[in-house]
Amino acid sequence: MREASTRSRQPGSLDEISLVRPDDWHAHFRDGAVLADVVPASAARFARAVAMPNLLPPVTTTGAALAYRDRILAAVPPGAAFEPLMTLYLTDDTGADEIRRATASGRIIGVKLYPAGATTNSAHGVTDLGRCGAALDAMQECGLVLMVHGEVTGEDVDVFDRERVFVERTLAPLLDRFPGLKVVLEHVTTADGVEFVRGARDGVAATITAHHLLLNRNAIFEGGLRPHHYCLPVLKRERHRAVLVDAATGGEGRFFLGTDSAPHPRHAKESACGCAGLYTAHAGIELYAEAFERAGALDALEGFASRNGPAFYGLEPNRETITLRREPRTVPNTMPIGDDVLVPFRAGSRVGWSIAP
Ligand code: DOR
Ligand code: ZN
């Protein structure tokens, strides 16, 4: 594997790092006027991004996914090369024929499992995986990846335990029942999830967000309630964050970059019942550089951000490179989102790295 080229001021203190242009294996772009506000930030950093299907109504058909792809592409700034990788939203009613249509389109790389009620716009999600047998069989046969929001729902399980319990109750039996199905545990947040993925059969991987690498659950309560640090799966204890950093920076091919950048208007976050999601696309790769730098592992960033994802999905890594510089910049307090504003991650404070023009 080629090593990322680096230039250092002094040993252990790199000022600049070049890497193969990264991809984002988990992003939310929303729809309509919002696309023009959020797609350019991703296109400036990533060559490809997996577009999550939890729109209202959700993207449940190949036709809807291809039309959504066109709308995303229309929001890519002229001159930028950016490929949205499309997904379908799995429901109890998704049929094998829809999976075959999706595969034949050549534009859809996976199907997202949202347990009903687990997160934003998951109301149409799966109530019982037992009903999805035909779709999962077809996905296994066609090689479409199952992308999993790995949390159980229900009052009986503590919100901080929902990923661990999902892994035990749902994911482990699913992998046994469909031994050829490729599965990504999206935005893994716990030591339990990481350990499970490490020990799982071939064809199982996980994405990790920058915010789960940088923050532990104290960030939700720092001096008061911080709605802009609320996401799902919710931030976890420090010991879990440390294991995520270890997995991301350790050179293990099963772990790769997925920002889960999830824009919501300010009023939807600063509310009596605030939405889950952090908007991070404005610094989508720079935040990972911070996390890797803190771990003394900048040389592992290229594998995690640019190589492991394509290898898992059976795609080539990108050909071009980008350069990141240690040039801190201040993030604006707000950014436009349609007719509204959102509060980006690190609003009013600094991100330590910038992309060289
Ligand atoms: O924090 C989150 N936001 N987690 C999700 O699973 C969904 C996402 C969103 O769409 O806002
Ligand atoms: Zn997501």
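Tutor: Let's start with helix 11: twelve of its 13 residues are buried, so helix 11 is largely enclosed by the rest of the structure. Buried here means under 20% relative accessible area, with exposed over 50% and partly exposed in between, using a 1.4 Å probe and protein chains only. Helices (H or I, at least four residues) and strands (E, at least two) are DSSP runs, numbered from the N terminus.

Student: Before we go on, what are the ground rules for this model and its numbering?

Tutor: This is a predicted model, where local features need pLDDT of at least 70 and side-chain atom pairs count only at pLDDT 80 or more, while totals for chains, interfaces and linings use all residues. Residues are numbered from 1 along each chain as its sequence is written, chains are lettered from A and ligands numbered from 1 in the order in which they are written, and side-chain values use heavy atoms, with hydrogens and water left out.

Student: How far does helix 11 reach, end to end?

Tutor: Helix 11 covers residues 301–313 and reaches 18 Å from its first C-alpha to its last, close to the 18 Å expected at 1.5 Å a residue. That expected span is 1.5 Å times one less than the number of residues.

Student: Where does helix 11 bend?

Tutor: At R307, by about 40 degrees, and a proline, P310, follows within four residues. The bend is the angle between axes fitted to the seven residues ending at a position and the seven starting there.

Student: Switching topic: what coordinates the zinc ion?

Tutor: The zinc ion (ligand 2) is coordinated by H26 (NE2), H28 (NE2) and D260 (OD), at 2.0 to 2.1 Å. Donors are N, O and S atoms within 2.8 Å of the metal (3.2 Å for Na, K and Ca), and water is not among the atoms, so sites may look incomplete.

Student: How are those donors spaced in sequence?

Tutor: The pattern is H-x1-H-x231-D. Both histidines, H26 and H28, are buried.

Student: Which residues does T209 contact?

Tutor: D260, one of the zinc donors, is among them. T209 is found in the loop between strand 9 and helix 7, and T209 is buried, with a relative accessible area of 0%.

Student: What about helix 8, what covers its buried residues?

Tutor: The cover includes helix 6 (191–199), strand 9 (204–208), helix 7 (210–214), strand 10 (255–257), helix 10 (286–294) and helix 11. The buried residues of helix 8 are H240, L244, V245, A247, A248 and T249. Just after helix 8, G251 takes a positive phi of about 75 degrees.

Student: What is phi for R30 and for R346?

Tutor: Phi of R30 is near 60 degrees and phi of R346 is near 70 degrees, positive values in residues other than glycine. R30 counts as buried at 16% relative accessibility, and R346 is buried with 18%.

Student: Last one: how many helices and strands are in the chain?

Tutor: Eleven helices and 16 strands. The radius of gyration is 19 Å, close to the 21 Å that the globule rule gives for 357 residues, so the chain is as compact as a globular protein of that length. The radius is taken over C-alpha atoms, and the rule is 2.2 Å times the number of residues to the power 0.38. Of the 357 residues, 57% count as buried.

Note on methods. Contact means heavy atoms within 4.5 Å. Lists of a residue's contacts leave out its neighbours within four places in sequence.
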